[in-house]
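Let's take a walk through this structure together, strand by strand. Have the coordinates open in your viewer as you read.

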Amino acid sequence: MKKLALPLTIISLATSAAFVSTSASAEGAVSANVGVVSEYIFRGITQTTTSTASAGVDYENGGFYAGIWTADVVDGLEIDYYAGYGLETESGVGISAGFTRYDYTGNFDTRYDEFNFGLSYDIFSLSYNVGEWEDGAGAGMDSDYSFLSLTVEKDGFYGTYGTFGKDSDGSYVEVGYGTEIGGFDAGVALIKSDEDLAADNGDSSLVLSLSKSF
């Protein structure tokens, strides 16, 4: 997930809040997903500069959701655990709240605990996340962060602006397009991060993705 400019923090590929209709099956459903991206970038922060494979399993029951997702971050694995509840009102407003833990094997990073809140209507969705990064050295250097993003999506095209707060700094813009090709979900995204999230006075990346849900 991370590596903010300082010890801060992470779709993206990973999970934020999900909007689930109250009409979802009361019996619950389990689904799985696998995917690959040409470069793993989360909230404007580069996690790997090479292609990365990922896989996850999700459970949904009514408005409740829970799951686990993992990705190769070269020096070990990122493993995300998440759960929450979402609903959509008759007027079309989506509301959600949840919790995500980002964990790591190897020495890539330590751990992040994050609460997620979401609001959506029509083509607009707003996400607000607050969390804490754990200092793995045990030196009492834990830090708090917040992340706010606004996404506009229509007919497969989308644009996102995200910005960090509290002990973290930095913002980014992402525009992209996703579609289905032969039963696979394919996407392309252009991501522009500022100098707080990327070296050399900011950075731009073109990311290709391919995934499959079961």
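**A walk around the barrel**

Leu119 stands opposite Leu126 in β9. This is a predicted model, in which local features need pLDDT of at least 70 and side-chain atom pairs count only at pLDDT 80 or more, while totals for chains, interfaces and linings use all residues. Residues are numbered from 1 along each chain as its sequence is written, and side-chain values use heavy atoms, with hydrogens and water left out.

Stay with that pair for a moment. Strand β8 (residues 111–121) and strand β9 (residues 124–134) run antiparallel and are joined by 11 bridges. Strands here are DSSP runs of E with at least two residues, numbered from the N terminus, and two of them pair if DSSP finds at least two bridges between them. β8 and β9 form a hairpin with 2 residues between them, and in the turn Asp122 has a positive phi of about 55°.

In the loop between β9 and β10 you will find Asp135. Asp135 is buried, with a relative accessible area of 12%; buried means under 20% relative accessible area, exposed over 50%, and partly exposed in between, using a 1.4 Å probe and protein chains only. Asp135 and Thr110 are 25 residues apart in sequence, yet their C-alpha atoms are 6.9 Å apart in space.

Now zoom out. The strands belong to a closed barrel of 12 strands with antiparallel pairing, in the order β1-β4-β5-β6-β7-β8-β9-β10-β11-β12-β13-β14. Neighbouring strands of this sheet are turned by 20° against each other on average, direction ignored; the axes are lines fitted to C-alpha atoms, and angles run from 0 to 180 degrees between N-to-C directions.

Thr70 stands opposite Ile79 in β6. The loop between β5 and β6 holds Val74, whose phi is near 70°, a positive value in a residue other than glycine. Val74 is exposed, with a relative accessible area of 63%. Lys166, in strand β11 (residues 157–166), also has a positive phi, near 65°. Lys166 is exposed, with a relative accessible area of 55%.

What about the nonpolar core? A nonpolar core is a set of buried Ala, Val, Leu, Ile, Met, Phe, Trp, Tyr and Cys residues joined through side-chain atoms within 4.5 Å. The largest one has 22 residues, of which Tyr40, Tyr102 and Tyr112 touch the most other members. β2 (40–42), β5 (64–72), β7 (93–104) and β10 (143–154) each supply at least two residues of this core. In soluble globular proteins, nonpolar side chains tend to be buried together.

Finally, look for the largest cavity, with a volume of about 40 Å³. A cavity is a set of points on a 1 Å grid over the protein atoms alone where a 1.4 Å probe fits but cannot get out, and lining residues have an atom within 4 Å of a point. Grid points are joined across faces, edges and corners, and the volume is the space filled by probe spheres set on the points.

Terms used
Helix = DSSP H or I, 4+ residues; strand = E, 2+ residues; numbered from the N terminus. 1 Å grid on protein atoms, 1.4 Å probe; cavity = no way out; pocket = protein on both sides within 12 Å on 5 of 7 lines; lining within 4 Å.
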